[in-house]
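Some notes on this model follow. Please read them with the structure open.

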Amino acid sequence: MRNFKKKIVTDEAMRPVAVLIDYEDWQEIEKLLAASELKVEEQNVDLAEYAGTIKLSIDPLEYQQQIRDEW
């Protein structure tokens, strides 16, 4: 991957709040993202073949409620 020149903008507490990059670099990033999205769309994984492959000992909604009650 290419190294892009960037400037990190921080707030008064020195926490990063934004990143400034050159417009040409932004266009290059957009091209890279578009190309990677196309690769993902081409894969077309059929998730239905994995349905029912996991056997759970507890109802998922009950488990979720249990975990949330621990908060």
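1. Terms first. Helices (H or I, at least four residues) and strands (E, at least two) are DSSP runs, numbered from the N terminus. On that basis Leu47 sits in the loop between H1 and helix H2 (60-69).

2. Provenance. This is a predicted model, in which local features need pLDDT of at least 70, side-chain atom pairs count only at pLDDT 80 or more, and totals for chains, interfaces and linings use all residues. Residues are numbered from 1 along each chain as its sequence is written, and side-chain values use heavy atoms, with hydrogens and water left out.

3. Layout. The chain has 2 helices and 2 strands. Read from the N terminus, the order is β-β-α-α. The radius of gyration is 22 Å, well over the 11 Å that the globule rule gives for 71 residues, so the chain is more spread out than a compact globule. That radius is taken over C-alpha atoms, and the rule is 2.2 Å times the number of residues to the power 0.38. Along the principal axes, the C-alpha atoms fill a box of roughly 55 × 40 × 15 Å.

4. Burial and surface. Of the 71 residues, 4% count as buried. Buried means under 20% relative accessible area, exposed over 50%, and partly exposed in between (1.4 Å probe, protein chains only). The accessible surface of the chain is about 7200 Å², and 55% of this belongs to carbon and sulfur atoms. These areas come from the Shrake-Rupley method with a 1.4 Å probe; for residues, only the protein chains shown count as cover.

5. Contacts. Take the contacts between residues at least 6 apart in sequence: 17% join residues at least 24 apart. Contact here means heavy atoms within 4.5 Å.

6. Asp25. This residue lies in helix H1 (residues 23-43). Asp25 counts as buried because its relative accessibility is 8%. Leaving aside residues up to four places away in sequence, Asp25 touches Arg2, Phe4 and Lys5.

7. Asp11. Look in the loop between strand S1 (6-10) and strand S2 (16-21). Asp11 has a relative accessible area of 18%, so it is buried. A polar atom of the Asp11 side chain lies 3.1 Å from the backbone nitrogen of Ala13.

8. Leu47. Leu47 and Ala35 are 12 residues apart in sequence; their C-alpha atoms are 23 Å apart in space.

Conventions:
A polar contact is a pair of N or O atoms within 3.5 Å; within protein, one must be able to donate a hydrogen and the other to accept it, and residues adjacent in sequence count only if both atoms are side-chain atoms.
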